[in-house]
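Subject: Structure handover

Hello,

Please find the structure below. My notes on it follow.

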Amino acid sequence: MVVKVYGSVDASPQRVLACLVEKEIDFEIIPIDLFKGEHKDPEFLKLQPFGQVPVIQDGDYTLYESRAIMRYYAEKFKSQGTELLGKTIEERGLVEQWLEVEAQRFHPPVYKLVVHILLASALGFPSDPKIIQESEAKLGKVLDIYEERLSKSKYLAGDFFSLADLSHLPFSQHLVADLGKEHMIRDRKHVSAWWDDISNRPSWKKVLQLGVFELPK
């Protein structure tokens, strides 16, 4: 069965797409244009009452929240494609730990950078230099901890690629390619090597080929 993925080919939906590619699961993208407000359409709100993307439909099963979707498919198809959860309960614990770090520590400041550097004008409000400065400082402290961790292991949860690494791909891509903040990755030797590794995985290259982020004209 082909999984339907509702969303844009950007940001959080890309987590899901990369996971599906890694797990060798067929999918179909149902475009939802956030700038046109399609995520607030009554029909879409029946699928996702908070009006956010991504959402998946797998037969009669519907699920939203990108990290929940990743966990679901990584577990459901554990023996298919890339093992993304670890092989032992201890490895699984570390994967979950670093997924939480990504969600609670990494994502909030990098998301604010994306909003205020990349999206502010398109969303109709002025960019706030103070928020940009504070967010960059917070993100820098997080990446310093990553640098220490990655000096001891190839990937965040250990010496194996997992959901913990995959979950960083979309917003790290913005950091490097769109925000003028590539130095935040490159100034940290082990973070830089980690980024080169995970961003060159065939799954991520395939996701990037599906479409590129474009601001509304």
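Glutamate 65 is partly exposed, with a relative accessibility of 41%; here buried means under 20% relative accessible area, exposed over 50%, and partly exposed in between (1.4 Å probe, protein chains only). Glutamate 65 sits in the loop between strand S4 (61–64) and helix H3 (66–76); helices (H or I, at least four residues) and strands (E, at least two) are DSSP runs, numbered from the N terminus. The phi of glutamate 65 is positive, near 80°, and the residue is not a glycine.

This is a predicted model: local features need pLDDT of at least 70 and side-chain atom pairs count only at pLDDT 80 or more, whereas totals for chains, interfaces and linings use all residues. Residues are numbered from 1 along each chain as its sequence is written, and side-chain values use heavy atoms, with hydrogens and water left out.

Two other places in the backbone deserve a look. Glutamate 24, also not a glycine, has a positive phi of about 60°. Glutamate 24 is in the loop between helix H1 (12–22) and strand S2 (27–30) and is exposed, at 58% relative accessible area. Valine 53 and proline 54 are joined by a cis peptide bond, with omega about 10°. Proline 54 belongs to the loop between helix H2 (42–47) and strand S3 (55–58). For background, most residues other than glycine have a negative phi, and most peptide bonds are trans.

On the overall fold: the protein has 10 helices and 4 strands, in the order β-α-β-α-β-β-α-α-α-α-α-α-α-α from the N terminus. Its radius of gyration is 17 Å, close to the 17 Å that the globule rule gives for 217 residues, so the protein is as compact as a globular protein of that length. That radius is taken over C-alpha atoms, and the rule is 2.2 Å times the number of residues to the power 0.38. The C-alpha trace spans about 50 × 45 × 25 Å along its principal axes. Of the contacts with a separation of 6 or more, 66% are between residues 24 or more positions apart; contact means heavy atoms within 4.5 Å.

Now the interior. Of the 217 residues, 48% count as buried.

Beyond its neighbours within four places in sequence, tyrosine 146 is in contact with Trp98, Val101, Glu102, Phe106, Leu156, His168, Val191 and Trp194. Leucine 139, in helix H5 (residues 129–150), is buried at 0% relative accessible area. Not counting residues up to four places away in sequence, leucine 139 touches Phe106, Pro109, Val110, Leu113, Leu175 and Met184. Proline 109 is 30 residues from leucine 139 in sequence, yet their C-alpha atoms are 5.7 Å apart.

Last, the surface. The protein exposes about 11,000 Å², of which carbon and sulfur atoms supply 53%; the areas come from the Shrake-Rupley method with a 1.4 Å probe, and for residues only the protein chains shown count as cover.

Regards
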